[in-house]
Every structure is written in structure tokens, then in C-alpha cells.
Amino acid sequence: MKIAFHLRILIGAICLSTVGIIFVLIRQNRLKEKYGVLWLFAAFSIFVFGLWPDLLTVVSKLFRLHHLTTLFMVAFLFLFGLVLKFTVAISQLYDRNLALAQEVAMLKESLKGLAVKMETGLDQKEEPVG
Amino acid sequence: METGKDTLVIVPALNEEETIAQVVRNLNAHLPDADVLVVDDGSTDKTGDLARAEGAKVVTLPFNCGIGTAMQTGFKYALDHGYRAALQVDADGQHPPREAGKLLGRLGEGWHLVVGSRFVEDTGYRGSALRRFGIGLFSWMIYALTGKRVYDPTSGFRAMSSEALELFYMRYPHDYPEVEALILLDRNGLTFTEVPVSMEPRKGGRSSISVLSGAYYMIKVSLAVLVTPFKKKELK
């Protein structure tokens, strides 16, 4: 299957800008490297399928699907995996958030206890020693 | 433990200013050998202050974390401060402290967790048909998975040994924890039993389970209960 020249330019531009955005986000510490890898993989996939659409045709023939269906299936599976990974990450963050809340609550309580002890301790030693 | 007492009464509380002072006062009167810890789960009213005024220790969570996390805060507090046993009591006054001796007594026989039950004998408890169905279903699931009978698995009136506390220190369900906790115990080789107690009608507040969230509650707990036996063991 032949791909029009201007379409190749467009695909290339999409991939390059994805890579660029990922790079900038990581550089600014706004995106963790492990998720950056995921998006670089996505950009790479778009690039490969964009330049050699016959690869998709192979998959389509294998599953006897229409081209477009194959494309949607691949994209869907990718997004499915991504969302799954996110919910796993959120679950972990949720656990840690609650554990931190517990720690803070208990630390505050013991700090209050300490403050009370110090005050009463100071009251008992009104006159400085030595 | 600073006070030399063995048992910590843990009272999870969310906006219970109507009842909390009375509950703490009753606990102190009936259980002089225990300290009372109120875990304030992000209340927006005076729950924490009122409990402190009655002489309870109060740990205040910075935001609402859910009953399971509130209880686990209590378990962590208990072990960190050297207590050997814990008693869980609701803040709405439906668990009479005079019955606590029965629960703690069974703990002394070597059980790791003792549930105060409304159903072992006719103790005068009636709930809605739907609620009784749900409790019956959970009771049956526990029997199917562990071979042990607990007729009131959702009861939040329970006593725990230090072994159970160590397990719950590491892992305790976040929301609707009561049923799941029993399976978790069994999975880790710990034991639980049930004693009949009479309970009071709640003096204030509402059940944490509304009609609308009832379906979610049933599905979530069922899923958790069915998955727990396959989870990694916490205790070696």
C-alpha cells in the first residue's frame, strides 16, 4: 500500500512532536521517565505503522479484519493497557497517602504529649540548676 | 505504654459530637484497666475536643480516611505504645462497655479476635430485611471459605490480641473492613470466635451504610472476601 507523501510528512511531524513534548516534560520534571518510555513507545509505533502500513495489513489478514478495525484495535489495546497501569499506580499512591495520614496523625499526637511533658517539666524546675 | 495498662479501647469517630463524650465516660467507668483512644477520622465538629476533655487520647487524621484506615491507625498506635490487646467500640453508643468483659475474657482463652454478636442468641436485635440478608450472605461466605461460623460478621464490637494487631498493622481493609478482616485472619493462620452481646439502639448519627451505597457495599465486600484467600500471606 502506497502512502501519499504529504501524509508521511504529517505522521513524521506527529511522532517528532510527541518525542519533543515527552523530552520537555521529563526535562522539567513534570513526567516520570517510566511513563515517558510508554509514550515514546507509542510514538515509535505510530511511526512504524505510518511508514509501513503493510504491517497493519498483515495483522488485518491474520485476524480477517478491516484495516480501520485493526487500527482501532491496536490503539484500543494500547489505551487499555495505559489506563490499567494508571489505576495500579493510583492504588499504590492511595495506600501511601493513607499511610502518611496515619503517620502524621500519630506524630502530631505524640508531639502534643511531648509539649505537655516539657511544660510540666519546666514548671517543676523553676530555679535553674547550678 | 506510658500508663502501664494492657488494653487499648479504640473508638473510630466521624462527627459524633452528640455521643462521643458519653461513650468515653462510660468506657472509662466500666474499663478502668484500659486506655481509651479516639481516632478522629477528619471530623468537622467538636468530636476530638469533647473526647479529649473526657480524658481520652485522641489521634486526629488530617482528612477523612475511612473506617478501615481509622481503625488501622488505632492498631498502629496500640502496638507502637506497647499495648497487648485492643477493643474496638463504635462512637455512637450502641456497644455497651459492660459487655466488653465477655469479649476480652475470650481473648484470654487464646482466640486472636472475638466478635460481639447480636445474633448468636436472641438479643433483641432487629434490622431491615435487606440488612439481615446481607449479613446472612457474608456469614455464609465466611463459613464457605474458612469453615467457621460467625453469625454477625459485620459487627464492629470486637476484641483483638497482639497477634491480630500485628497482622492488621501491616494490612487492614480500607472501607467496610469487618468481614474482610476475618478472612484475612484465617488466611494468616489466626483464629476468631463470637460471643453474644446485647447492644443498645444507636444514640446518634447514622449507619455508615445508606440504602444507596448498600449495593456497592455488598459487591465490594463480596469481591474482597473472595479474593482474600488468594492474597499473599502477611505473617510468616
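**Exercise 1. In what order do the seven strands of the open sheet in chain B stand, and what is the pairing?**

Before we start: this is a predicted model, in which local features need pLDDT of at least 70, side-chain atom pairs count only at pLDDT 80 or more, and totals for chains, interfaces and linings use all residues. Residues are numbered from 1 along each chain as its sequence is written, chains are lettered from A and ligands numbered from 1 in the order in which they are written, and side-chain values use heavy atoms, with hydrogens and water left out.

*Solution.* 
- Step 1: The order is S3-S2-S1-S4-S6-S5-S7 in chain B, and the pairing is mixed. Strands (E, at least two residues) and helices (H or I, at least four) are DSSP runs, numbered from the N terminus; two strands pair if DSSP finds at least two bridges between them.
- Step 2: S3 and S7 (192–196) of chain B each have a single partner strand, so one side of each is left without a neighbour in the sheet.
- Step 3: From one strand to the next, the twist averages 20 degrees.

**Exercise 2. Describe how H5(B) and H7(B) meet**.

*Solution.* 
- Step 1: The axes of H5 (residues 129–146) and H7 (residues 177–187), both of chain B, come within 11 Å and cross at roughly 10 degrees. Axes are lines fitted to C-alpha atoms, for helices over the stretch in contact, with angles from 0 to 180 degrees between N-to-C directions.
- Step 2: That crossing makes H5(B) roughly parallel to H7(B) (angles under 35 degrees count as roughly parallel).
- Step 3: H5(B) brings B:Phe138, B:Ile142, B:Leu145 and B:Thr146 to the contact, while H7(B) brings B:Val179, B:Leu182, B:Ile183 and B:Asp186. Contact means heavy atoms within 4.5 Å.

**Exercise 3. How many residues of chain A are in contact with chain B, and about what area do the two chains bury?**

*Solution.* 
- Step 1: The contact involves 10 residues of chain A and 16 residues of chain B.
- Step 2: About 1,200 Å² is buried between the chains, 61% of it on carbon and sulfur atoms. Buried area is the accessible area (1.4 Å probe) that two parts lose on being put together, summed over both.
- Step 3: A:Gln102, A:Met106 and A:Glu109 supply 45% of the area that chain A buries against chain B, more than any other three residues.

Definitions and conventions
Angles under 35 degrees count as roughly parallel, over 145 as roughly antiparallel, 65 to 115 as roughly perpendicular and the rest as oblique.
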